[in-house]
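Work through these exercises with the model open beside you. Try each task before reading its solution.

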Amino acid sequence: MKKPSDRPLSEESLRDRLMGLGEKSTRKSYYPQLLRQLDELERQREELVEKNRVMTEILLDLDRERRRATESEAKLSKIFRSSSQLIAVLTLADARFMEISDSWISFLGRFRDEIIGRSMKDLGLWGSPGEWEHILEGLQAEGEIQGMEIQLRRPSAETFYGLLSVTPMELDRVQCVVMEITDITARKRAEEERLELERRLLHHQKLESLGMLAGGIAHDFNNLLMAIQGNLELAMYGSSHIPSVEGRLHRAIGATQRAAELVKQILTCSGESPTRFAPVQVNDLVAENMKLLEAGMLSNITLQFLPDGDVPVIRADAGQLQQILINLVLNGCEAIGDAVGRVTVSTGRMECSDGYLKQSRLDEKPEAGHFLFIEVSDTGSGMGESTLNRIFDPFFTTKFIGRGLGMSAVLGIIRNHRGAIIIESARDCGTTVRVLLPLPRSSHPGEASYSSIHRHRPHGTDDRSLDRPRCERNR
Amino acid sequence: MTLQADSILEPRKFVAPELVCGMGVADLAGRYAVNYGARKVLLVSDPGVVQKGWTRLVEESLSRSGIPFVLFDGVTPNPKDHEVMAGAECYAREHCDVIVVVGGGSPMDCAKGIGIVGTNGRDILTFEGIDEVPVPGPPLVCIPTTAGTGADVSQFAIIADTARKVKVAIVSKYLIPDVSLVDPKTTFTMAPELTAATGMDALTHAIEAFVSTASSPITDLHALEAIRLIRRSLPSAVESPQCGQSRSDMMLGSLFAGLAFSNASLGMVHAMAHSLGGLLDLPHGECNAILLEQSVHVNFDASPEKYRSIAIAFGVPEARDLDDATLKARLIGALVDFRERVGIRLRLRDLGLRREDLPTLIRHAMKDPCLLTNPKPASSGEISDCYEKAF
């Protein structure tokens, strides 16, 4: 007989089973089976209860974790957002904003929604093209970037200087970078200002030493000239009957006089010539000199005077004003050269703001207020930036035979009159020089008269004059 | 291993199903299905019983009780393993939870097999042996339609292993039906040949259980009473199929024989008959009838007093006083006469047995669990001798 269990059973035990005396020879009953199933059900129930308990704990844990994560995320987000630094998460590929700190909102003057999803390029932030590629190269080489100096453009087109740090990261399976920019614009500006001050100090020192040198020589020279001139005049008295001698002496005296003029000029530009203030009617002064200038003018150049009738009498040194006028007109003519052109002189009065006066080429800026102006504009070749920066340096000249003292002297005269000089020029667009002389408060006409503004536009002034800061001229 | 009549009472057990006997009790099938909590019944039967109308009778009873059912009647004599598996498949597919079987030994053994396959989910042949069923089958209601098999009360299910061509004995208390509705009415339609074969089967059960080494006073009562009833009623049941008295007596005789052998087991006759049924699909009752007298030859001397009691119950004249040898001869003679009187006169060769099958038959018989309780350990020579004489 085949046995399910491999152990063969003895005849004795088989017989016992057959008689119903075996261990399992019980009457048919479902009870044991039922109990087993009940036990199994109970075991399963307990298992389910335990599993349920574990699941509940897991769920509670998860909930706690989630809440902690949310809190932590909120905290980090708050730190991130509220940082005064410009912090952003950008896509690596095209510098597209994914997350930004609130500082970006005020920096760009846009809402968050308008920034997220757009790129640095879209927002026109790069100071120069190819900047991002440059940053990516740095990332490739170094793994991250720390403290790299960059220039960005503010929406106002102002340059923004920043120290850049970039660290790669992955956000939502997108290759990104965390970018942090520290604003160093103020530091940068302060540095520039310091450099400018240094430059100006240096320039001033140079002028001072030149002035001292020139002034010293001029004094000695002047004394020598006086001695020569005196002796020449005495010699004239004693030789009045010898025409050939008299003529020579006369020419020698003329030469000493011209030398004295030159010395005076040197003394003026070094600020050492005395200024004699007296009432001057500027229009009369200009008109008088125009005749003289016109006489010596070449035919290719038209000289024009556009006076304003309302120019008051001011206290000034008439000789020095004349010197200014002649210098400026001659410079204008020389800028025109052989070409056909026009030099226009105009006068008037205007109100100037501090902002406008800041453009003055003198270090000492006068206070805002009402000014009388003498403006000389030409249609000549104009000047480049480098020439403009140096025209007031003594002995600087662009002319073959110039002495380089004219503009330097002009600057000295205007400084003595506490005025201002503003030059607008560009290559091939002509030059306009405006000399501003302060008007005393008492000479101001009634405030009401300012409301009627008449913009005087002399011929030959191009449209650039429209771009000038507010300047009003009274009739 | 022999049991002495005057020995002290040895441990014995008696297990029987709930029994309801009497004319018309087959109608109670529906009520019992309800009592067992049936939601759907698998009704097992065979084509012969269906044709006789007894299946219909049970169907009506189930319908009256409002119990849905599905009929499985794919059963043949000497039920086959694949028939059991097909029935179990039907049981599972239809979500049945109670089995009602109406028919002879074959449908009843098949139904027992379906039950344990249904609850254990294993192939029927894996339950071969004694107490090898882990979980009992579903409630089983038996309505026997033959008087003889005893399957309606027994712990046996004999299934044919068609691959090995052997009958597999599955013995388990779990196979005992929950209730047996023993209704003589269902036997009225039996043909005389079937009446004779099943009757001789019942007689063999009674005699083998009585001489079994596992017999007990309780089984002895049933066995002897079965012998008396069968000897008195079988010939008239064969000759007068409509004789209610004979049919009722035969039903009781078969029932008692069944109770006896289910608890005391059997002997060499059944071991040899199972072998024949497995190898050649021969009718079980006739094989038993032919082999019974041969077993007396072999076993008489192991338990002469038991055989004397049998002879007395069987009405052998002067059985109390005859010497053993004479008694043995008289008893064998009476059994031969009885067999021939009920119409079984064939030899094994007439049933289709060939001489070359004998070695296989002997080998299978020697392994049958029924030999465990034979009055004496039977040798293969003795088995061979029996087959030869019955050939």
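**Exercise 1. A pair of strands**

Which residue is the bridge partner of A:M148 in β4(A)?

Solution. This is a predicted model.
- Step 1. Find β4 of chain A, residues 159–171.
- Step 2. Look across from A:M148: its bridge partner there is A:L164.
- Step 3. Widen the view to the two strands. β3(A) and β4(A) pair in the antiparallel sense, over seven bridges.

**Exercise 2. The whole sheet**

Solution. 

**Exercise 3. A covered helix**

How many residues of α12 in chain A are buried?

Solution. 
- Step 1. Locate α12(A) at residues 406–416.
- Step 2. Apply the cut-off: a buried residue has 20 or more other C-beta atoms within 10 Å of its own.
- Step 3. Count. Nine of the eleven residues pass, and the helix is mostly covered. Among them are A:M407, A:V410, A:L411 and A:I414.
- Step 4. Look past the helix. A:R418 follows α12(A) and has a positive phi, near 55 degrees.

**Exercise 4. One face of a helix**

Why do the buried residues of α14(B) line one face of the helix?

Solution. 
- Step 1. List the buried residues in α14 of chain B (380–390): B:I383, B:C386, B:Y387 and B:A390.
- Step 2. Look down the axis of α14(B). These buried residues fall within an arc of 95 degrees, so they line one face.
- Step 3. Recall the general rule. An α-helix has 3.6 residues a turn, so residues three or four places apart point the same way.
- Step 4. Turn to the face away from the buried side of α14(B). B:G381 and B:E388 are exposed there.
- Step 5. Find the cover. The buried residues of α14(B) are covered by elements including α9 (268–280), α10 (284–299) and α13 (358–366) of chain B.

**Exercise 5. The contact between chains**

How many residues does the contact take from chain A and from chain B?

Solution. 
- Step 1. Count by chain: 21 residues from chain A and 23 residues from chain B.
- Step 2. Find the top contributor on the side of chain A. Helix α1(A), residues 11–18, gives the most, with five residues.
- Step 3. Sort the side of chain A by type: seven nonpolar, six polar and eight charged residues.

Terms used. Residues are numbered from 1 along each chain as its sequence is written. Chains are lettered from A and ligands numbered from 1 in the order in which they are written. This is a predicted model: local features need pLDDT of at least 70, side-chain atom pairs count only at pLDDT 80 or more; totals for chains, interfaces and linings use all residues. Two strands pair if DSSP finds at least two bridges between them. Helices (H or I, at least four residues) and strands (E, at least two) are DSSP runs, numbered from the N terminus. A residue is buried if 20 or more other C-beta atoms lie within 10 Å of its own, exposed if 12 or fewer, and partly exposed in between; C-beta atoms are placed from the backbone. Two residues are in contact if their C-beta atoms, placed from the backbone, lie within 7 Å. Ala, Val, Leu, Ile, Met, Phe, Trp, Tyr, Cys and Pro count as nonpolar, Asp, Glu, Lys and Arg as charged, and the others, Gly among them, as polar. The arc is that of the directions from the helix axis to the C-beta atoms.
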